[in-house]
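Reader: I'd like to go through helix packing and the ligand site. Can you put the model up?

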Amino acid sequence: MTANLLDFDLEGLAVFCEGLGEKRFRATQLFRWIHQRGMSNFDDMSDLAKSLREKLKAHAHIAPLPILSQQISKDGTIKWLFDVGAGNAIETVFIPEDDRGTLCVSSQAGCAVGCRFCSTGHQGFSRNLSTAEILAQLWFAEHFLRQYLNQTERVISNVVMMGMGEPLQNYSVLIPSLKAMLDDHGYGLSRRRVTVSTSGVVPMMSRLSIDCPVALAVSLHAPNNALRDNLVPLNRKYPLDELLAECTLYLAKAPRDFITFEYCMLQGVNDQTSHAHELVQLIRKHAALGLRCKFNLIPFNPFKESGLLRSHDDVVQQFASILIAAGFVTTVRKTRGDDIDAACGQLAGDVQDRTGVADRIALQRAVPIQWHPSQASSSSGSH
Ligand code: SF4
């Protein structure tokens, strides 16, 4: 079997070229053809020696992921469903904005963390993606979009590892993928424009800060351990104080950065003013130790199996105003692409659950979470 060259960062490609008896610098030329020019046919790589092109044809290939579907939202958001074999499909979403183009990339077929409000988590887990499968999402999207939008310059300015999967549970594959994104001979994205989003895999956050300290987003979703244990099961292993202490350490390696805390707003579950005040107390304690952060409040996108509802807009605003009054930069995420189910937490793909996660979540759903319909209706004012 020949090697898929999308599986390599530049260093990996240099080692591959050496294995073919070529000089390392050939890898730089090849890497630019692949990632900057979007080429997959070695015969088109005109500045490579014919002898090298022949070796590459014998030992390598550049394979995109088969596309199962492409949906374009009325707001310009594009969602692709890619086939990754054995009945598994993953999703990738492009979100255009005035000043940026963001690609939301998947790292696993399914996810084993099983967050209660996430439709990927409800499907269970099949397997980790390879570096080639992660980079193929960016490679395809960037070069498709240049043609589709009739642009010669780069279209994707930001990558967020927020699609299907917990990227830090696929660490060894994640790192070369990130390095290819950052490489000036690859996509040339700055460290602050590539974001890894984690539900809080503390030991891997520590390694990421050393190996490739890109921007970090942490799925927080609750101001105390009792509630977070239920919403993000990984909290039972890495509780809040440990997680927040690691966030502070992460920033020591990236002194001008901040952590983005994602907080999915669930009606009556985690969206009350008492939760906002508790969150302020929690974060202030860690801010005194050096934690710098922003909050991103995410309107929940309901799906049937979750049994959860979206917070009312005025509740979200009230929650945001408490955080802002406490001095924290806080934004409310605009919902994008919800007519094609491409909004945050809606990525479901199609996953053959091999770990029983989906069954575990179904059992977990039977456990009631803090649910106060009377509070929810009274705090929402008009509802
Ligand atoms: S929110 Fe992220 S970590 Fe949690 S289940 Fe969904 S994909 Fe996995």
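Author: What follows is a short exchange on this predicted model.

Reader: Start with the ligand. Which residues surround the ligand?

Author: The shell consists of Cys-111, Val-113, Gly-114, Cys-115, Cys-118, Thr-120, Gly-121, Met-164, Gly-165, Glu-166, Ser-199 and Ser-219.

Reader: How does the shell around the ligand divide into nonpolar, polar and charged?

Author: Five of the shell residues are nonpolar, six are polar and one is charged.

Reader: Now helices. At what angle do α5 and α6 pack?

Author: About 30°, with the axes of α5 (residues 131-148) and α6 (residues 171-182) 9 Å apart. Angles under 35 degrees count as roughly parallel, so α5 is roughly parallel to α6.

Reader: Is the crossing of α5 and α6 left-handed or right-handed?

Author: Right-handed.

Reader: And which residues make the contact?

Author: Thr-131, Ile-134, Leu-135 and Leu-138 come from α5, while α6 supplies Val-173, Pro-176, Ser-177, Ala-180 and Met-181. By class, seven residues in this contact of α5 with α6 are nonpolar, two are polar and none is charged.

Reader: Next pair. How do α10 and α11 pack?

Author: Helix α10 (residues 273-287) meets helix α11 (residues 313-325) at about 25°, and their axes are 9 Å apart. α10 and α11 are therefore roughly parallel, and the crossing is right-handed.

Reader: Which residues of α10 and α11 make the contact?

Author: On α10 they are Thr-273, Ala-276, His-277 and Val-280; on α11 they are Gln-318, Phe-319, Ile-322 and Leu-323. The contact of α10 with α11 has five nonpolar residues, three polar and no charged ones.

Terms used:
Residues numbered from 1 in each chain as written. Predicted model: local features only at pLDDT ≥ 70, side-chain atom pairs only at ≥ 80, totals over all residues. Axes fitted to C-alpha atoms, helices over the stretch in contact; angles between N-to-C directions. Helix = DSSP H or I, 4+ residues; strand = E, 2+ residues; numbered from the N terminus. Parallel < 35°, antiparallel > 145°, perpendicular 65-115°, else oblique. Left-handed = near helix turned anticlockwise from the far one by under 90°. Contact = placed C-beta atoms within 7 Å. Nonpolar A, V, L, I, M, F, W, Y, C, P; charged D, E, K, R; others polar. Near = placed C-beta within 6 Å.
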